[in-house]
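Reader: I would like to learn how to read this structure, one feature at a time. Where do we start?

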Amino acid sequence: MESGKNTSKPAIGFLTVIDHPQHGLFGGYLVLNLAGRPLEFHCTAPIKPNRAQHILYGPTLESFLYGEQIGSTLLGHAKTSPLVVCTDREPVLSLRDLVDLPVALVLPPGESLPNETCQAGKPDLPGAGKPDVPGVLRVDPPHGRGPRLITFELGRNRLALSQQKSDDRKRFSERLGEAASALDLWEPFTRIREAIEEAQQAAR
Amino acid sequence: MNRQPIGESELFHWAPPLAPEVVSRDFCFTTEPLITGWNRALERPLAIEATTIPFSSAAPRAIQIPIRRASIRVRSFEFPEPIETPRTEQPAIAASPGQGQAAGVSLKLGTTRIRPPQDVIKLGDRLQYLLQPPLETLLSDRELAMPFQPFPFQFEGVAFLYPRHAAILADEMGLGKTMQAITTIRLLLRRGEIRSALMVCPKPLVTNWQREFHLWAPEVPTLVIEGEQARRAWQWRLPDVPLRIANYEVLIRDREILACGEGDRPIPFDLVVLDESQRIKNRGSTTSEVVRGLSRRRSWALTGTPVENSAEDLVGIFEFLAPGFLSPEMKPRKMGRTICDYVLRRTKEQVLTELPPKMFRDADLELTPEQRETYRLAEEEGIFRLTAMGEGATIQHVFELVLRLKQICNFDTATGASSKLERLEADLEEVAGSGRKAIVFSQWVSTIKRLSKALRRFGPLEYHGQIPSSHRDGVIRQFREERSAHVILMSYGAGAVGLNLQFANYVFLFDRWWNPAVEDQAINRAHRIGTSGPTTVTRFLSLDTIEERIDHVLQEKRELFDTIFSGAKGPGKLGLTHNELFGLFALPGRGVGKRAA
């Protein structure tokens, strides 16, 4: 999927999905260089899952829509292959199974996930175990059946990964290098949301 | 069981019972069959009725629910690779502001965003603005160190100017229009969006701009256009000069060079900024004509007083920014709506809530008896002359009378008596006694010179059109640094714009200017960012004179300004018309509706 793309420019991908109550889901994908300047922006027309999808995908519908349908499509349109992909929507993490790129969930600064209380090592929590790496938390997904997440800090950012892809943590550190200490990986999502809104207004 | 007594003890004896008696009887019954007919019935077979229910089922039908993988429509936008690159891959995605700065202050966190103006139509262009990092991040580049932490509203001003090709930054005096313009120019140069900018300002402010550029953008080479014509021609034609500074007079003198300096083509600029742009409010003036003829891609105007006299002032400025965008026939309220995306206007009250207050004192003074007598004679004589002239009386004649009367309000021409001077001396005693400094404004150099003599004990300094430009910076420095210099006497023309005198806490308007905007500019020399305490403004007004009548007109002009720039209700009268000017002396008007001032 990523073959044939421009990899000469070190860049970071930011992918989010907006759930609009009337129009449906809008996906937005922003590629920034390491100076924070935009290189590419891609956004989807709104999509709405139909009744059959609701029934048949059940609790996996979000992951399917966010990751496989929207995320995969958007990355497919980009010309630049980023070093890593960041998202602020947890279901987008399912994209990781489809691309050979580290994908991480960026946690809001100063806030904790509601399910972050499900820390490894607590005996009363089913499935909880000792953290693989000291200082790493494991977080349960919302419905309790999806992949477990591990969180870690990168510079001043707090990120979460699918536990199955825990190696991506190392990749994040290696690929972003020393830049990681100064990056604010949360801020670009504000830009994407405004850009999606602007594009939506232009389409009316 | 029998109980028999045996001696002294009793013994129990068991005996078997007697055998029962048996009696036999013979029961011999005869039986006969009873014919009921039931046996035949029982021999008959049961009749069973069977119902056949057909159970013919077809093969089960499968319903197919298609789960189509809908093709998702995607809109894609690519942006050109930015010219500047961070040093050594220094990341700057909203990095902590100031993190990369080699010198200067560390900028506080902020998220001021650049937003596209309304006249940017293409979605891709709009998104390119929207997707830029916050301004604080852009300015956190180590090569863009800032000497001071800007106020948030100043970041907003930069974000306003940055994307605009036509804009007026109309902040009230003292809010840092200079810094905002310089920072924006700096960013545009750094990002390669402009390569040559021209800053045009009044002559006394050239050195001020030079100094401010050195402070806020030390890496930007500036070239002041000055000297003999041949030298200026060479300066204009020099290639690769990021920023030129020229005064309006030089621009007029060099109009030929500017018009065909590159072969037969005009010298092109990516950006032309007009400081104190009210200088081009008159569309018919040479200054306006020359600046409109400049070849440029972007046009900005900086002014604290976009409307000095009438809404036409704004039309004049817009003829430079976007010709034909405004027309003099527009109602002020509609004009306000039309320009809202092009003009950014903030007042100190809106943005500097922590700035010390500005306190006004209206000193309403009676003329001295000598002044009153002289005034009465002059007015009677003047009105008599105007009346005698009949239709031949022009607006110029009326102006002459107004000026003469105003001068008498300052000083009695015969005796030199002045109620204003008496009051000013008394006030300055207090100012000097508390070790503070004051600015006194007048519209006449002759008045300033008289005041200078009378106020000698307060160490007065003069700053007006007769002071050579080369000496003016020295005068300001002396006023700031010498403790004995308690007062500076300024003319509105020379001292109302571009000077930073925030170390003065008192402002006296010895006489009143024709429009309130110029007065505001004068006052704001002292009441601006960096001021150490409240600014007290004393406005002298001679009662029952022409000054009082003019004051009413000034109030109406303030209403006009509010209507255009704050959407206030009810437009006031549009300035001082010929009729109104003649009306100051109860004379019948000429040229109805034409504006005079």
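Author: We start with a term. A nonpolar core is a set of buried Ala, Val, Leu, Ile, Met, Phe, Trp, Tyr and Cys residues joined through C-beta atoms within 7 Å. Keep in mind that this is a predicted model.

Reader: How many residues has the largest nonpolar core, and which have the most contacts inside it?

Author: The largest core has 73 residues. B:V200 and B:V273 have the most contacts inside it. Domain 1 (102–351) and domain 2 (358–583) of chain B each give this core at least three residues.

Reader: Which residues is B:V273 in contact with, leaving aside its neighbours within four places in sequence?

Author: B:A181, B:A197, B:M199, B:V200, B:W300 and B:L302. Note B:V200 in that list. There is also a second, separate core of 57 residues. A:L30, A:V103, A:I150 and A:L185 are among its members.

Reader: Let us follow A:L30. What is its bridge partner in the pairing of β1(A) with β2(A)?

Author: Read a strand pair by its direction and its bridges. β1(A) and β2(A) run antiparallel, joined by 10 bridges. A:L30 in β2(A) is the bridge partner of A:F14. A hairpin of three residues connects the two strands.

Reader: And which residue of β3(A) does A:L30 stand opposite?

Author: A:F41. β2(A) and β3(A) also run antiparallel, with five bridges between them. Their hairpin has four residues between the strands. In that hairpin, A:G36 takes a positive phi near 85°.

Reader: Which strand of chain A pairs with β1(A) in parallel?

Author: Strand β4 (residues 84–87) of chain A does, through four bridges. There, A:G13 has A:V85 as its bridge partner.

Reader: Why is β1(A) described as largely enclosed by the rest of the structure?

Author: Count C-beta neighbours. A residue is buried if 20 or more other C-beta atoms lie within 10 Å of its own. In strand β1 (residues 11–20) of chain A, eight of the 10 residues are buried, so the strand is largely enclosed by the rest of the structure. β3(A) is mostly covered too, with seven of its seven residues buried.

Reader: Now the other chain. Does B:E289 count as buried or partly exposed, and why?

Author: B:E289 counts as partly exposed because it has 14 C-beta neighbours inside 10 Å. The residue sits in helix α10 (residues 286–292) of chain B. B:E319 is 30 residues away along the chain, yet the C-alpha atoms of B:E289 and B:E319 are separated by 9.5 Å.

Reader: How do I read chain B as a whole? How many helices and strands are there?

Author: Begin with the inventory. Chain B has 22 helices and 16 strands. Of its 597 residues, 40% count as buried. Next, look at sequence separation. Among contacts in chain B with a separation of 6 or more, 71% are between residues 24 or more positions apart.

Reader: Which strand of chain B is joined to β3(A)?

Author: Strand β3 (residues 74–78) of chain B, antiparallel, through five bridges. One bridge to check is A:T44, whose partner in β3(B) is B:V74.

Reader: What do the confidence scores say about each chain?

Author: Chain A averages a pLDDT of 82, and 78% of the residues score at least 70. Chain B averages 83, with 87% of the residues at 70 or above. For the model, ipTM is 0.83 and pTM is 0.67.

Reader: Where does pLDDT stay under 50 in chain A?

Author: Over residues 116–133, where the model has 23 contacts beyond four places in sequence. Where pLDDT is low, the predicted coordinates should not be read in detail.

Conventions:
Residues numbered from 1 in each chain as written. Chains lettered and ligands numbered in written order. Predicted model: local features only at pLDDT ≥ 70, side-chain atom pairs only at ≥ 80, totals over all residues. Buried ≥ 20, exposed ≤ 12 C-beta atoms within 10 Å, placed from the backbone. Contact = placed C-beta atoms within 7 Å. pLDDT = per-residue confidence, 0-100. Pairing = 2+ DSSP bridges. Domains from an automatic or database assignment.
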